[in-house]
Structure formats: C-alpha cells, structure tokens
Amino acid sequence: MELRMTQQDLANMVGSSRRFISELEDGKETAQIGKVIGVLSNLGIALTAVTS
C-alpha cells in the first residue's frame, strides 16, 4: 500500500522526529517499541504478539 506520505508528514502525524521515522525505515534495532507501536497504530497497522 502506498500512502504518498513523506517521512516528515508521518513524523508530524505521530508526534516524532523525521530522524526517528528514517531510522525506523532503516531497521534500527534499538527503536523504542512504544514509538514503533504508535507509528503502526497511526498507519492503521495492528501488531500482534504470539507466544510459541
């Protein structure tokens, strides 16, 4: 799905910095999970944890 949104647009929408969005896109391993969940939620993406 393509939203035609810039990193800055997304950062403004979720209340974070463009740098955070860029690092998240690049797969930064130490991204704060709360912020990641906030970004996903604002994009309408559900994150589910499953135990095995």
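Mentor: Start with a definition. Helices (H or I, at least four residues) and strands (E, at least two) are DSSP runs, numbered from the N terminus. This is a predicted model: local features need pLDDT of at least 70, side-chain atom pairs count only at pLDDT 80 or more, and totals for chains, interfaces and linings use all residues. Residues are numbered from 1 along each chain as its sequence is written, and side-chain values use heavy atoms, with hydrogens and water left out.

Trainee: What pattern does the protein chain follow, read along the sequence?

Mentor: Count the elements. The protein chain has three helices and zero strands. Read in order, the pattern is α-α-α.

Trainee: What percentage of the 52 residues in the protein chain is buried?

Mentor: Take the cut-offs. Buried means under 20% relative accessible area, exposed over 50%, and partly exposed in between (1.4 Å probe, protein chains only). Of the 52 residues, the buried share is 15%.

Trainee: Where is the place of Met5?

Mentor: Met5 has 34% relative accessibility, so it counts as partly exposed. Look at the start of the chain. Met5 sits in the segment before helix 1.

Trainee: Which residues form a nonpolar patch on the surface, with about 250 Å² of accessible area together?

Mentor: Two definitions apply. Patches are made of residues with over 30% relative accessible area and no salt bridge; like charges are joined within 9 Å, nonpolar side chains (Val, Leu, Ile, Met, Phe, Trp, Tyr) within 5 Å. Accessible areas come from the Shrake-Rupley method with a 1.4 Å probe; for residues, only the protein chains shown count as cover. The nonpolar patch is formed by Leu3, Met5 and Met13.

Trainee: Why can Arg19 and Glu23 be neighbours, and by how much of a helix are they separated?

Mentor: Their side chains meet in a salt bridge at 3.0 Å, N to O. An α-helix has 3.6 residues a turn, so residues three or four places apart point the same way. Arg19 and Glu23 are four residues apart in helix 2 (residues 18-25), so they are separated by about one helical turn.

Trainee: Which residues are linked in a network of salt bridges?

Mentor: Glu23 also forms a salt bridge with Lys28, with the closest N and O atoms 3.3 Å apart. Arg19 is exposed, at 58% relative accessible area. Glu23 is partly exposed at 22%, and Lys28 is partly exposed at 39%. The network links Arg19, Glu23 and Lys28.

Trainee: Which residues are in the largest nonpolar core?

Mentor: A nonpolar core is a set of buried Ala, Val, Leu, Ile, Met, Phe, Trp, Tyr and Cys residues joined through side-chain atoms within 4.5 Å. The largest one has seven residues: Leu10, Ala11, Phe20, Ile21, Val36, Val39 and Leu40.

Trainee: Which helix gives the most to this core?

Mentor: Helix 1 (7-14), helix 2 and helix 3 (33-42) each give two or more residues to this core. With three residues, the one that gives the most is helix 3.

Trainee: What arc do the buried residues of helix 3 cover around the axis?

Mentor: In helix 3, Val36, Val39 and Leu40 are buried. Their arc, taken from the directions from the helix axis to the C-beta atoms, puts them on the same side of helix 3. Gly34 and Ser41 are exposed on the other side.

Trainee: Which helices do the buried residues of helix 2 pack against?

Mentor: Contact means heavy atoms within 4.5 Å. The buried residues of helix 2 are Phe20, Ile21 and Ser22. They pack against helix 1 and helix 3.

Trainee: Which residues does Leu10 touch, not counting residues up to four places away in sequence?

Mentor: Leu10 belongs to the largest nonpolar core. Leave out residues up to four places away, and Leu10 touches Met5, Ile21, Val39 and Leu43.

Trainee: Which residue follows helix 2 with a positive phi?

Mentor: Look just past the helix ends. After helix 3, Gly44 takes a positive phi of about 80°. After helix 2, the residue with positive phi, near 85°, is Gly27.

Definitions and conventions:
A salt bridge is a side-chain nitrogen of Lys or Arg within 4 Å of a carboxyl oxygen of Asp or Glu.
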